[in-house]
Amino acid sequence: VVADLRLKARPPACPTEASTMSDVNTLLIEPLKAFYLDSKRLVASCNKPNRREFARIAKATALGFLIMGSIGFVVKLIHIPINNIIVGGV
């Protein structure tokens, strides 16, 4: 009796067209549909920054560029003499 239940519980060796469409639906269509709905909700909840908010973000970005550029410049200034010492004045 147990062996008969095991045989009945196995999936068929050749998938039918209905089960294949079901797999496509669960693996491809449903995640795409959920992504679309989430994206639509996100875009609907976004709003344009006012002038004060935009200026604040622009200042923070400019400060970040300035700091990163300064760090890169200092590293380059230190690297050039060290490279000349190691390689020799070619």
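Residues are numbered from 1 along each chain as its sequence is written, and side-chain values use heavy atoms, with hydrogens and water left out.

The chain has 3 helices and 0 strands; helices are DSSP runs of H or I with at least four residues, strands are runs of E with at least two, and both are numbered from the N terminus. The pLDDT, the predictor's confidence in each residue from 0 to 100, averages 83 over the chain, and 77% of the residues score at least 70. Helix H1, residues 2-9, has the lowest mean among the elements, 54, while H3 has the highest, 95. Where pLDDT is low, the predicted coordinates should not be read in detail.

Now H3, which covers residues 51-87. Its 37 residues should span 54 Å at 1.5 Å a residue, and the end C-alpha atoms are 52 Å apart, which agrees. The expected span is 1.5 Å times one less than the number of residues. As for the opening question, glycine 88 comes after H3, and its phi is positive, near 95 degrees.

Isoleucine 86 lies in H3 and counts as exposed because its relative accessibility is 66%. Here buried means under 20% relative accessible area, exposed over 50%, and partly exposed in between, with a 1.4 Å probe and protein chains only. Buried residues make up 0% of the 90 residues in the chain.

On to helix H2, residues 17-45, where arginine 41 and aspartate 38 sit 3 residues apart, about one turn of the helix. Side chains of opposite charge can pair when their charged atoms come close. These two form a salt bridge, with the closest N and O atoms 3.1 Å apart; the definition asks for a side-chain nitrogen of Lys or Arg within 4 Å of a carboxyl oxygen of Asp or Glu. The structure holds 1 salt bridge. Arginine 41 is exposed, at 55% relative accessibility, and aspartate 38 is partly exposed, at 43%.

Technical notes:
This is a predicted model: local features need pLDDT of at least 70, side-chain atom pairs count only at pLDDT 80 or more; totals for chains, interfaces and linings use all residues.
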